[in-house]
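Morning, everyone. Let me put today's structure on the screen, and then we will walk through it piece by piece.

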Amino acid sequence: MDLDKPTDLRRTPLHALHVARGAKMVPFAGYEMPVQYPAGIIAEHLHTRAAAGLFDVSHMGQVALHGVTAAAIEALVPGDIEGLPEARMRYTLLLNDDGGIVDDLMAIRFAGGLRLVVNAATKDNDVVYLRARLGPGAGVELLDDLALLALQGPQAAAVLARVVGPGVETMPFLSCAPVERPGMTLFVARSGYTGEDGFEISVVAERAVEFAELLLAEPEVMPIGLGARDTLRLEAGLCLYGHDIDETTTPVAAGLAWTIAKRRRQEGDFPGARRILRELADGPARRRVGIRPDGRAPAREGSAVVDPAGNLIGEVTSGGFSPSLNAPIAMGYVARSYSDPGTALATVVRDVARPARVSPLPFVPTRYYRGN
Amino acid sequence: MPTLRFTKDHEWVRLDGDTAVIGITDYAQQQLGDIVYVELPAPGSRVETGKEAAVVESAKAASEVYAPVSGEVVAVNGAIADDPAKVNADPMGDGWFLTVKLDDLKALDGLMDEAAYAAFVAEQG
């Protein structure tokens with residue numbers, strides 16, 4: 001076992017809390033992050049699906065835009081940002097000129113302007129890209145003085161309402177609002193990366209531990225590491241940047257064509273529009289699909305996907321074990337003719353082709369809040 | 001008192017006559033975390049010292065289990081294939097992986113005893 005620890009890793013404001021709670025810390029995207037706590041990945045995963053889990057996602061990039069119009073952002077993404085109402089957020093994609101995905105992100109419109117939440121591993125690159133493309137008049141500021149917590153699960157709304165006061169439990173999915181607490185302003189969004197109802201809460205770094213401890217003091221809440229975050233998002237069919245999507249994948253191949261707004265398709269003025277619109281019309285050469293192995297062996301990232309005759313037709317981009325289904329699950333890209341749910345194929349694991357089938361996504365039904 | 005020995009790759013091997021029972025250590029299962037899949041060799045096949053004998057997969061990743069000794073596979077533990085969590089629950093007991101009929105009874109001589117292995121694990125930090 002390789003126990004070498006790089007020494008130049010960054011820490012989030014919650015680092016000491018993770019260590020105190022017995023987390024196993026690992027390098028991730030340049031940060032030292034908790035991969036699991038003593039409960040373990042499966043227990044943490046199932047707890048999030050049953051009650052509420054607290055995740056430290058402070059490594060992600062919270063980016064404030066100054067002097068940047070929605071129209072200017074639309075030159076870089078295929079989503080409808082001009083039509084994004086105040087206090088709402090939208091999942092969108094930063095594209096390169098070939099239509100490849102530079103990053104996936106949340107664009108948030110609030111009274112003060114626009115904010116983006118981007119991936120940890122890409123945030124520095126994103127800032128460089130945004131500055132270069134938006135031009136010298138644009139302010140692109142990485143908000144390093146903020147922490148970001150995610151509270152996810154069917155009990156998340158009840159817990160958060162108890163801790164910060166009523167109101168948050170009726171916030172619509174993908175809405176956001178500032179919430180005043182004594183001595184701190186929280187910025188609360190009803191969003192997440194688990195397929196569950198839940199919230200992502202931005203808080204100033206120096207108050208992050210205090211707020212996390214308030215949440216963890218609630219009986220429904222357990223701290224959750226990156227290991228379960230990955231199994232939860234995989235069950236929900238959500239992409240992990242750098243694995244399921246990257247600069248070589250287009251929104252259409254990735255099954256993210258739903259992020260391309262109708263008006264944007266008509267106007268065709270986003271990066272890579274020619275290629276993306278052609279793929280929308282003709283279909284992409286390959287598509288992201290869910291894969292359910294027939295047996296118990298997980299098919300991991302990088303496993304070849306073959307047809308029943310053994311011909312190479314694709315590759316697994318995320319794969320592992322689903323605690324909710326007690327079975328292996330995977331996502332990957334396959335030639336379009338093999339992308340219909342139910343299609344028989346095989347994944348090559350340790351040189352053996354193992355039968356599997358294309359599965360609809362998500363693997364586990366999502367339970368986002370849609371109002372009661 | 002059966003001979004119990006350990007490898008630097010965190011396998012254990014317990015001698016029972018000319019047959020060795022093989023598994024992974026408590027330290028190994030702790031490092032791996034939740035074990036979700038085990039792949040075992042076919043009885044009657046051969047394993048060779050230091051070569052892959054089995055595969056164990058945690059929620060995070062796949063790892064190889066190396067044979068501490070060479071010989072013919074006599075039996076494998078189907079119970080851990082059906083319920084891999086048994087390896088976490090009882091790595092030195094019900095969570096055994098396979099038994100091997102040893103080519104050479106002296107094959108265990110170069111391996112660590114319990115005290116040496118405990119010291120080795122302590123060094124791993």
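**A walk through two chains**

Start with a hairpin. Strand 6 and strand 7 of chain A form one, with two residues between them. The pairing of strand 6 and strand 7 of chain A is antiparallel, over five bridges. Look for Ala107(A), which stands opposite Leu116(A) in strand 7 of chain A. One caution before we go on: this is a predicted model.

Now step to the other side of each strand. Strand 6 of chain A, residues 101-110, also runs antiparallel to strand 5 of chain A, residues 88-95, and eight bridges join them. Here Leu93(A) stands opposite Asp104(A) of strand 6 of chain A. Strands 5 and 6 of chain A make a hairpin too, with five residues between the strands. Which residue in that hairpin takes a positive phi? Gly99(A) does, near 85°.

Strand 7 of chain A, residues 113-118, has a further partner. That is strand 4 of chain A, residues 61-66, in the antiparallel sense over five bridges. Gly61(A) has Val118(A) in strand 7 of chain A as its bridge partner. A general point to keep in mind: in a regular strand, side chains alternate between the two faces of the sheet.

Zoom out to chain A as a whole. How many helices and strands does chain A have? Nine helices and 19 strands. Its radius of gyration is 21 Å, close to the 21 Å from the globule rule for 372 residues, so chain A is as compact as a globular protein of that length. The C-alpha atoms of chain A fill a box of roughly 65 × 50 × 50 Å along the principal axes. Of the 372 residues in chain A, 48% are buried. Take the contacts in chain A between residues at least 6 apart in sequence: 65% of them join residues at least 24 apart.

Next, one helix. Helix 5 of chain A covers residues 156-164, and its buried residues are Ala156(A), Ala157(A), Val159(A) and Leu160(A). Why do they sit on the same side of helix 5 of chain A? Because they cover an arc of only 160° around the axis.

What do the buried residues of helix 5 of chain A pack against? Their partners in chain A include strand 3 (52-56), strand 9 (146-152) and helix 6 (208-216). Strand 12 (198-204) and strand 13 (221-223) of chain A are also among them. Just after helix 5 of chain A comes Gly165(A), with a positive phi of about 105°.

On to chain B. It has four helices and nine strands. The radius of gyration of chain B is 13 Å, close to the 14 Å that the globule rule gives for 125 residues, so chain B is as compact as a globular protein of that length. Its C-alpha atoms fill a box of roughly 35 × 35 × 25 Å, taken along the principal axes. Buried residues are 43% of the 125 in chain B.

Chain B has an open sheet of six strands, in the order 1-2-3-9-8-5, with antiparallel pairing. Strand 1 (4-6) and strand 5 (46-47) of chain B stand at the edges with a single partner strand each, so one side of each is left without a neighbour in the sheet. Inside that order, strand 2 (residues 11-16) and strand 3 (residues 19-24) of chain B pair over six bridges. One bridge there joins Asp16(B) to Thr19(B) in strand 3 of chain B.

Now a single residue. Met112(B) lies in the loop between strand 9 (98-102) and helix 4 (114-123) of chain B. Buried or partly exposed? Met112(B) has 17 C-beta neighbours inside 10 Å, so it counts as partly exposed. Leaving out residues up to four places away in sequence, Met112(B) touches Arg5(B), Phe6(B), Tyr117(B) and Phe120(B).

Last, where the chains meet. 15 residues of chain A are in contact with 13 residues of chain B. On the chain A side, helix 2 (41-50), helix 7 (226-235) and strand 16 (312-322) give two or more residues each. By class, that side of chain A has seven nonpolar, five polar and three charged residues.

Definitions and conventions:
Residues are numbered from 1 along each chain as its sequence is written. Chains are lettered from A and ligands numbered from 1 in the order in which they are written. This is a predicted model: local features need pLDDT of at least 70, side-chain atom pairs count only at pLDDT 80 or more; totals for chains, interfaces and linings use all residues. The radius of gyration is taken over C-alpha atoms; the globule rule is 2.2 Å times the number of residues to the power 0.38. A residue is buried if 20 or more other C-beta atoms lie within 10 Å of its own, exposed if 12 or fewer, and partly exposed in between; C-beta atoms are placed from the backbone. Two residues are in contact if their C-beta atoms, placed from the backbone, lie within 7 Å. Two strands pair if DSSP finds at least two bridges between them. Ala, Val, Leu, Ile, Met, Phe, Trp, Tyr, Cys and Pro count as nonpolar, Asp, Glu, Lys and Arg as charged, and the others, Gly among them, as polar. The arc is that of the directions from the helix axis to the C-beta atoms.
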